[in-house]
Amino acid sequence: MREKVYNKFVELFSGEATMFAAPGRINLIGEHTDYNGGFVFPGAIDKEMVAAIRLNGTDKVRVYALDMNQESIFGLEEEDKPAETWAHYIFGVCREMIKRGGKIGGFDATFAGNVPLGAGMSSSAALESLFATALNDLFNLGIDKFELARIGQATEHNYCGVKCGIMDQFASIFGKEGCLMRLDCRSMEFEYFPFSPKGYKLLLLDSKVKHALVGSPYNDRRESCERVAAKLGREFLRGASMQSLEDIKGEISEEDYKRAYYVIGEEARVLSVCDALQKGDYEQVGRDMYATHWGLSKDYEVSCEELDFLVNVAQEAGVTGSRLMGGGFGGCTINLVKEELYDHFIGTALSRFKDQFGHEPQVYDVVISPGARRL
């Protein structure tokens, strides 16, 4: 893929370019907690976005997306927002850098990725992190990594219509080989946790049900949480107790109650998983993963028939832990599987899913990998 991206650059723009890469991510546990000021537990993976870039000395950006077979040309002023949806992510990164005083000009770029789109591995955050890292490097802006992650998040908010938390961009920028990261989304403190479980594999099953968070019920979930937090006199749900939620149950809607019930429980599960990992207790990690899935399905209501089916198959096959991963409404399940059950589980999941839904899910093995960087 890297070679293809570079060769396309030479074909379109001739001459040399600098190569950059930024990964997608998994999240072991801590779903929909980031915008609630809670903990998340992601890691960067070996699926990435790659770009070849060279400054062109003008005020115009020319970008070619190999996966779309499309070019976008745009200026750097607010009114220059391009027509192509995929280009909004790159334009947004440029604009957010400029708003922060970054002196950037035009550039030429080609890019492609093998982060599956709509599968909950954050292809959009990988794209934002890719261009934020590249422009920071090429224009010598000296922006720190946290601010690069915030630039990606602000791009989603201001140019793509998704009020996401910081986790996806953080994981793509800060990823470290062989480590998951526990991020406190309120204080932005984080810690690396070595993750190379002996005797287990991490595996994603992509339902191929495409989720698009833009204009979806994602923003509705966030508003539910904000209403409950306000009722509790807090900025975020983070740190709220189940008892405090019970105390106001009669004053909020049933829907808002269920959303908050899930989030408060999920915060406890992230900390439980961190403790379990330090003890090497992968059975506890698995129990927490299942509890998260059914909370997302029944209380947060962001699952779908296909994802529930895959998690049920995992439970029946003796898989240690399984849950939907990402914003929901489609995408992947993440599965922690004992190596001796691996082949049996995949065979069972593929055949039963196909019998039920008419197509096989896509299987992705996952390797925890480094974050955004110059190649």
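Predicted model: local features only at pLDDT ≥ 70, side-chain atom pairs only at ≥ 80, totals over all residues.
## Aromatic pairs and a helix crossing

Phenylalanine 131 is buried, with a relative accessible area of 0%.

- Phenylalanine 111 belongs to strand S6 (residues 107–113) and phenylalanine 131 to helix H3 (residues 123–138), so the pair ties together parts that are 20 residues apart in sequence.
- Phenylalanine 111 also counts as buried, because its relative accessibility is 6% and the limit for buried is under 20%.

**The pair of Phe146 and Phe174, and its surroundings**

- For phenylalanine 146 and phenylalanine 174 the ring centres are 4.7 Å apart and the planes are at 45°, so the pair is tilted.
- Distant parts of the chain are linked by this pair, with phenylalanine 146 in helix H4 (residues 145–160) and phenylalanine 174 in helix H5 (residues 167–174), 28 residues apart.
- Both residues are buried, phenylalanine 146 with a relative accessible area of 18% and phenylalanine 174 with one of 7%.
- Phe146 and Phe174 also belong to a cluster, linked by ring pairs, that includes Phe170, Phe190 and Tyr192.

**Charges over rings**

- Lysine 145 lies over the face of phenylalanine 174, at 5.5 Å from the centre of that ring.
- Lysine 176 has its charged end over the ring of tyrosine 192, 4.7 Å from the ring centre, and Tyr192 is one of the residues of the cluster described above.

**The crossing of helices H8 and H9**

- Helix H8 (residues 254–279) and helix H9 (residues 282–298) have axes that come within 9 Å and cross at roughly 165°.
- Because angles over 145 degrees count as roughly antiparallel, H8 and H9 are described as roughly antiparallel to each other.
- The crossing of these two helices, H8 and H9, is left-handed.
- On the H8 side the contact is made by residues including Lys258, Tyr262, Glu266 and Arg269, while on the H9 side the residues that take part include Tyr282, Gln284, Val285 and Asp288.

Terms used
Residues numbered from 1 in each chain as written. Heavy atoms only, no water. Helix = DSSP H or I, 4+ residues; strand = E, 2+ residues; numbered from the N terminus. Buried < 20%, exposed > 50% of the residue type's maximum accessible area, 1.4 Å probe, protein only. Phe/Tyr/Trp six-rings, centres within 6.5 Å; stacked < 30°, edge-to-face > 60°. Lys NZ or Arg CZ within 6 Å of the ring centre and 35° of its normal. Axes fitted to C-alpha atoms, helices over the stretch in contact; angles between N-to-C directions. Parallel < 35°, antiparallel > 145°, perpendicular 65-115°, else oblique. Left-handed = near helix turned anticlockwise from the far one by under 90°. Contact = heavy atoms within 4.5 Å.
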